Amino acid sequence: MAAFVRGSTIATSEQLTEFRVEIPEAELRELRERLARTRWPEPETVEDWSQGVPRTYLMDLCKYWGETYDWRATEARLNALPQFRTLIEGVGIHFLHVRSPHTDALPLVITHGWPGSLVEFLKIIGPLTDPTAHGGSAGDAFHVVCPSLPGYGFSDKPTAPGWRVERIAAAWSVLMARLGYERYGAQGSDWGTSISASLGQQDAAHVAGIHLTPPLVPPDPETLGDLTERERAALASLEFAAEWDSGYSEEQATRPQTIGYALVDSPAALCAWIIEKFHAWTDCEGDLESVLTRDELLDNLTLYWLPRTGASSARLYWESIRQVNEWISGAVRDTVDVPTGCSIFPKELQRPSRRWAEKRFLDIRYWNEPARGGHFAAFEQPELFVEEVRSFFRLVR
């Protein structure tokens, strides 16, 4: 394997190991058997999703998962891309590294969150790395790096506490240096938003800019007496989420091991736990499969089931959600100076106004509020997402 250089840092074949996904057939057979043995509760007492995923929907989806869904097709899609693992601070990190055919492409590290995965980005890698093959300009090309968070996907599960968002950001800095990238951009959603912001703080000398969907900032107290209609709607959304949509976060933040037993042992429990959030957080008007196909939903879900990451992925909430909540609703204390682009999709969880965001992100170069899309924008609206990323990074290349 070739060596990559950034300054005095050299990544050798001993540091980067090529990786292929090869799930034993016995694992897939066991999944089907567990799904077939599910003990179902009685139906909900309402006719909507207000008590959680309706039993009829979940039973139908799990039946499809066990009898029709083809993991091997997704495995082949992943294995068609260059995949690697590398050891950083004792934790093996799995990542996609897709280089552009355009040599002057800008390196870009893209970070997912929970309950997402690098599967979210499979539809955007081609347009980002090879824009001329997708109706774009060579000047918009990126070398794309998509890591799986520690405890997620095919990355290792940390065996000791301490893997907070700041430490993950520091690991990404090591990863990009190890790949030989002197100057690069960062893009993030969900946990990736906080990790990308921290990366901009920690590695500003090498970060060209960060693109966030969305930026995490609290309401500016100075504006509370003069709120716009949009700001009122953003506050109402946060209040609703705190009352009706944060139970998963409280459980994962306080007792990730407890919920982890169900998520690792029962595919039906994992399915309900994750699919509920996709239904709530996508721009789907109540019809989730009008935006994401069953296969796409199950691609992401299976990437939690097969590596048994129900508990390990939840622990990131135990590590860092209190800090994130401070960024969303507390006081601005740690500002970010690197050039920043912000895309606020209409069904995103946090939808701050620009004047709020400018209190924490001091060099906002790009701000846009697309017409469609939710929390999983790259997955839901890949064309819109790609244009947002291109539009910001044109300003900082």
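In strand 5, Phe95 is the bridge partner of Phe84. The model behind this pairing is predicted, so to speak of local features a pLDDT of at least 70 is needed, side-chain atom pairs count only at pLDDT 80 or more, and totals for chains, interfaces and linings use all residues. Residues are numbered from 1 along each chain as its sequence is written, and side-chain values use heavy atoms, with hydrogens and water left out.

Strands here are DSSP runs of E with at least two residues, helices are runs of H or I with at least four, and both are numbered from the N terminus. Two strands pair if DSSP finds at least two bridges between them. Strand 4 and strand 5 do this in the antiparallel sense, over six bridges. They form a hairpin with two residues between them. Glu89, in the loop between these strands, has a phi near 50°, a positive value in a residue other than glycine. At 49% relative accessibility, Glu89 counts as partly exposed; the scale calls a residue buried under 20% relative accessible area, exposed over 50%, and partly exposed in between, using a 1.4 Å probe and protein chains only.

Strand 8 has parallel partners. Four bridges tie it to strand 6, and Thr111 stands opposite Gly188 there. Six bridges link strand 8 to strand 9 (residues 207-213), also parallel, with Ile210 of strand 9 as the bridge partner of Ala186.

Next comes the packing. In soluble globular proteins, nonpolar side chains tend to be buried together. A nonpolar core is a set of buried Ala, Val, Leu, Ile, Met, Phe, Trp, Tyr and Cys residues joined through side-chain atoms within 4.5 Å. The largest one has 115 residues, and those with the most contacts inside it are Trp65, Trp71, Trp114, Leu128, Trp172, Trp191 and Ile210. Helix 10 (residues 267-281) gives the most to this core, with eight residues.

Trp114 is worth a look. Not counting residues up to four places away in sequence, its contacts (heavy atoms within 4.5 Å) include Tyr152, Trp191, Trp273 and Tyr317. The peptide bond from Trp114 to Pro115 is cis, with omega near 5°. Pro115 sits in the loop between strand 6 and helix 4, and Gly116 is in that loop too, between strand 6 (106-111) and helix 4 (125-129). Gly116 counts as buried because its relative accessibility is 1%. Leaving aside neighbours within four places in sequence, Gly116 is in contact with Tyr152, Asn300, Tyr304 and Phe376.

Another cis peptide bond runs from Thr213 to Pro214, with omega near -5°; Pro214 is in the loop between strand 9 and helix 7. Arg308 has a positive phi of about 60° although it is not a glycine. This arginine lies in the loop between helix 11 (294-305) and helix 12 (310-329), and Arg308 is partly exposed, at a relative accessible area of 40%.
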